[in-house]
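Colleague: I would like to go through the labels on this model one by one. Please set each value against its cut-off.

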Amino acid sequence: MMRKQQGFTLIELLIVIAIIGLLAAIAYPSYVEHVRSARRTAAMSCLMEQTHFMERFYSANMSYAGAALPACEGVAAQFYNFNLGNQTASTYTLTATRRGDQAGDACGDFRVTHLGVRDNINGTRGNCWR
């Protein structure tokens, strides 16, 4: 009595591998963009916290001069450098500069001024602030 062999043929196995490869090729870029978007959101959040700090400092001292920013933590600090520039008694500019894996992000670097103007610089995507 002969038993029927069970299993997959080489063709069936290759078709399954091709389908998995196709799904991975479609899903991976979407995943990478989602991760970059989460990092951008963390950087924007940190910039807004620093903006609130600067406004509280101004309310207490009637000047932006002499303010030292609190450090950002977590994902934002891992993928962005935060700087306080153009600081005078009545003006300031906060910037978040991309670094590491985030350096290739199309949104570029982020900037906030004392007037509340939010924009991104060095990017190719346009304004990414939500």
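Colleague: What pattern do the disulfides of the chain follow, with bonded cysteines counted along the chain?
Modeller: The pattern is 1-2, 3-4. This is a predicted model, where local features need pLDDT of at least 70, side-chain atom pairs count only at pLDDT 80 or more, and totals for chains, interfaces and linings use all residues. Residues are numbered from 1 along each chain as its sequence is written, and side-chain values use heavy atoms, with hydrogens and water left out.

Colleague: What is the mean pLDDT of the chain?
Modeller: The mean is 91, and 98% of the residues reach 70 or more. The scale is the predictor's confidence in each residue, from 0 to 100. Among the elements, strand β2 (residues 93–98) has the highest mean, 96. Strand β4 (residues 118–121) has the lowest, 91. Helices (H or I, at least four residues) and strands (E, at least two) are DSSP runs, numbered from the N terminus.

Colleague: What makes C46 and C72 a disulfide?
Modeller: The rule asks for a pair of cysteine sulfur atoms within 2.5 Å. C46 and C72 have S to S 1.3 Å, so they count as a disulfide. By this rule there are two disulfides.

Colleague: How far apart are the sulfur atoms of C107 and C128?
Modeller: They are 1.9 Å apart, and C107 and C128 form a disulfide. This link has -85° about the S-S bond and is left-handed. C107 sits in the loop between β2 and β3 (109–113), and C128 in the segment after β4, 21 residues apart. Both C107 and C128 are buried.

Colleague: Why is the pair of Y64 and Y92 called edge-to-face?
Modeller: Rings of Phe, Tyr and Trp (its six-membered ring) pair if their centres lie within 6.5 Å; planes under 30 degrees apart count as stacked, over 60 as edge-to-face and the rest as tilted. Y64 and Y92 are 4.7 Å centre to centre, with 70° between the planes, so the pair is edge-to-face. A search of the whole structure finds six aromatic pairs.

Colleague: Which residues is M54 in contact with, leaving aside its neighbours within four places in sequence?
Modeller: Contact means heavy atoms within 4.5 Å. M54 touches Y64, A67, L69, L84, Q87 and Y92 on that rule. M54 is found in helix α1. At 0% relative accessibility, M54 counts as buried.

Terms used
Buried means under 20% relative accessible area, exposed over 50%, partly exposed in between (1.4 Å probe, protein chains only).
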